[in-house]
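Have the sequence and the 3D view open while you read.

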Amino acid sequence: GWLYKGIAIIITFHFVCFGWVFFKAEDFDSATTMLYQVGNDLHFSVWPAFFKNYQTVLYMMLLAYILHSIPDSFADKMIGKMHRAPMIAYLVIFFAFVLLYGYFKSAEPVQPIYLQF
């Protein structure tokens with residue numbers, strides 16, 4: 001059910017993040033130091049500054065989580081109903097994606113972690 005799926009997503013996410021620590025760290029000691037700091041020296045007092053600097057990213061992540069959680073059956077129903085939408089609706093959606101693409105394309109490119117070695 002939905003509870004099992006939610007728990008599986010959370011466990012998978014944290015396992016991947018755990019693996020990234022070892023993948024990105026310069027050596028094993030650096031990786032264990034990072035993990036120690038996350039587990040024992042994590043302070044939420046920096047949250048306001050973090051949120052201020054990464055607000056757009058966090059909102060985009062939230063949007064991605066919401067879109068990812070839409071059931072396939074609901075998406076199929078919506079696609080089935082789209083043939084009745086007026087042409088202006090298609091144009092608005094198209095230009096919204098063009099603007100979104102332009103927003104992200106104009107941002108500074110970030111090199112994937114796999115290519116940073």
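## A walk along the chain

Methionine 60 counts as partly exposed because its relative accessible area is 29%, where buried means under 20%, exposed means over 50% and partly exposed is what falls in between (1.4 Å probe, protein chains only). Methionine 60 sits in helix α4. From methionine 60 to tyrosine 90 is 30 residues in sequence, and 22 Å in space from C-alpha to C-alpha.

Some ground rules before going on. This is a predicted model, in which local features need pLDDT of at least 70 and side-chain atom pairs count only at pLDDT 80 or more, while totals for chains, interfaces and linings use all residues. Residues are numbered from 1 along each chain as its sequence is written, and side-chain values use heavy atoms, leaving out hydrogens and water.

**Overall build.** The chain has six helices and zero strands, counting DSSP runs (H or I, at least four residues, for helices; E, at least two, for strands) numbered from the N terminus. With a radius of gyration of 20 Å, well over the 13 Å that the globule rule gives for 117 residues, the chain is more spread out than a compact globule. That radius is taken over C-alpha atoms, and the rule is 2.2 Å times the number of residues to the power 0.38. Along the principal axes, the C-alpha atoms fill a box of roughly 60 × 40 × 30 Å. The accessible surface is about 10,900 Å², and carbon and sulfur atoms own 73% of it; areas come from the Shrake-Rupley method with a 1.4 Å probe, and for residues only the protein chains shown count as cover.

**Confidence.** Mean pLDDT (the predictor's confidence in each residue, from 0 to 100) is 85 for the chain, and 91% of the residues score at least 70.

**Rings.** How many aromatic pairs does the structure hold? There are seven, a pair being rings of Phe, Tyr or Trp (its six-membered ring) with centres within 6.5 Å; planes under 30 degrees apart are stacked, over 60 edge-to-face and the rest tilted. Two of them are these:

| Pair | Type | Centre to centre | Angle between planes |
|---|---|---|---|
| Phenylalanine 18 and phenylalanine 22 | edge-to-face | 5.1 Å | 70 degrees |
| Phenylalanine 22 and phenylalanine 28 | stacked | 5.8 Å | 25 degrees |

Phenylalanine 18 and phenylalanine 22 are both in helix α1 (residues 2-24), four residues apart, or about one turn of the helix. Phenylalanine 18 is partly exposed at 40% relative accessible area, and phenylalanine 22 is partly exposed at 33%. Phenylalanine 28 is exposed, at 56%. Elsewhere, ring pairs link Trp47, Phe50, Phe51, Tyr54 and Tyr59 into a cluster.

**A nonpolar patch.** On the surface, Phe13, Leu42, Phe44, Trp47, Phe50, Tyr54, Val57, Met61 and Tyr65 make a nonpolar patch with about 960 Å² of accessible area together. Patch residues have over 30% relative accessible area and no salt bridge, with like charges joined within 9 Å and nonpolar side chains (Val, Leu, Ile, Met, Phe, Trp, Tyr) within 5 Å; a salt bridge is a side-chain nitrogen of Lys or Arg within 4 Å of a carboxyl oxygen of Asp or Glu. Both α3 (47-53) and α4 (55-68) supply at least two patch residues each, and α4 gives the largest share, three residues. Tyrosine 54 lies in the loop between α3 and α4, and counts as partly exposed because its relative accessibility is 43%.
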